[in-house]
Amino acid sequence: MTIPMPRKLLSTAAFIFLCPGLARVGTAQEPAVASGGAQEHNNVRPAIRWKQLRYTCEQGAKVIVYLHDTTAKVHFQDKEYLMKQTISADGNRYSDGTLVWWGKGDDGFLQEDAPDGDGKMLVKDCVQDKAAAAAEVSGTVTYLARMALPPQAVVEVQLQDVSLADAPAKLIAEQKFTLGNRQVPVPFTLKYDPGKIDAKHSYRLRAQISTAGELKFATDQVYKVITQGNPSKVDLILKPAKP
């Protein structure tokens, strides 16, 4: 027995059979691709790397010059001048049309840019600052107790400014390292920035040894170093920490 199909469903089926392309309308489509078939790219430009040169000039005036290719940024008295390199028979000349920076070897000066080259001098006798080489104090860390510490024990050595009697010691530099397979005495070399040292101040070395966060040994006397005739090499003797 054949069940008759309703007229409405029959008409719909016939339409789909005759027009299959229209049946796909409204179905999911492939994501759109950028024109030309190429994928989008991140075209962010890399940051410009500037070479920094610092100068100390007459009466202690400071000039900072940043160089990149043929461009210079000159900082002087809280102002910045963007300049382009110009033709020069002697040294590196940069100008913004109003001022000119002349760099000759490690020297330089800043003046008004005049046609005859004799513009008003803004600052002269500029000498490039040289990075100070790191200085160091060295010696050994030891204790007199007859006991061995585990390899995980941590040795800490500090260089402190103790000039102010009523203020906490100021940390200048420190070094931390594990004892490893060594036993005392163990050598240390503590590097510091000599620019942080004032010849009129007093400095000391302080050391301690801890195990699993528990203090075991520490210096109990002042070991002065560096200034006022004190040495830069010291053997530190630690005492057992008080419970």
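Which side chain does a polar contact of 3.5 Å join to that of Ser-202? In this predicted model, the partner of Ser-202 in that contact is Gln-228. Ser-202 is located in the loop that runs between strand S12 (186-192) and strand S13 (203-211). With a relative accessible area of 16%, Ser-202 is classed as buried, because the value falls under 20%. Leaving aside residues up to four places away in sequence, the residues touched by Ser-202 are Gln-160, Asp-161, Val-162, Ser-163, Thr-227 and Gln-228.

The protein chain as a whole contains 1 helix and 16 strands. Of its 243 residues, 29% count as buried. Among contacts between residues at least 6 apart in sequence, 46% join residues at least 24 apart. The accessible surface of the chain amounts to about 17,200 Å², and carbon and sulfur atoms account for 53% of that area.

Strand S8 (residues 121-128) pairs with strand S1 (residues 51-56) in the antiparallel sense, over 2 bridges. Within this pairing, Tyr-55 has Gln-128 of S8 as its bridge partner. Strand S7 (residues 107-112) also runs antiparallel to S8, and 4 bridges join the two.

Salt bridges in the model number 6. One of them is formed by the side chains of Glu-136 and Lys-191, with an N to O distance of 2.9 Å. This pair links distant parts of the chain, as Glu-136 belongs to strand S9 (residues 135-143) and Lys-191 to strand S12, 55 residues apart. Glu-136 is partly exposed at a relative accessible area of 38%, whereas Lys-191 counts as exposed at 52%, because this value is over 50%.

A further salt bridge joins Lys-239 and Asp-220, whose closest N and O atoms are 3.7 Å apart. Distant parts of the chain are again linked: Lys-239 lies in strand S16 (residues 233-240), and Asp-220 lies in the loop between strand S14 (214-218) and strand S15 (223-225), at a separation of 19 residues. Lys-239 is partly exposed, with a relative accessible area of 37%, while Asp-220 is exposed, with a value of 52%.

Glu-214 and Lys-216 also form a salt bridge, with 3.7 Å between the closest N and O atoms. Glu-214 is partly exposed at 47% relative accessible area, and Lys-216 is partly exposed at 29%.

Definitions and conventions: Residues are numbered from 1 along each chain as its sequence is written. This is a predicted model: local features need pLDDT of at least 70, side-chain atom pairs count only at pLDDT 80 or more; totals for chains, interfaces and linings use all residues. Side-chain values use heavy atoms; hydrogens and water are left out. Two strands pair if DSSP finds at least two bridges between them. Buried means under 20% relative accessible area, exposed over 50%, partly exposed in between (1.4 Å probe, protein chains only). A polar contact is a pair of N or O atoms within 3.5 Å; within protein, one must be able to donate a hydrogen and the other to accept it, and residues adjacent in sequence count only if both atoms are side-chain atoms. Contact means heavy atoms within 4.5 Å. Accessible areas come from the Shrake-Rupley method with a 1.4 Å probe; for residues, only the protein chains shown count as cover. A salt bridge is a side-chain nitrogen of Lys or Arg within 4 Å of a carboxyl oxygen of Asp or Glu.
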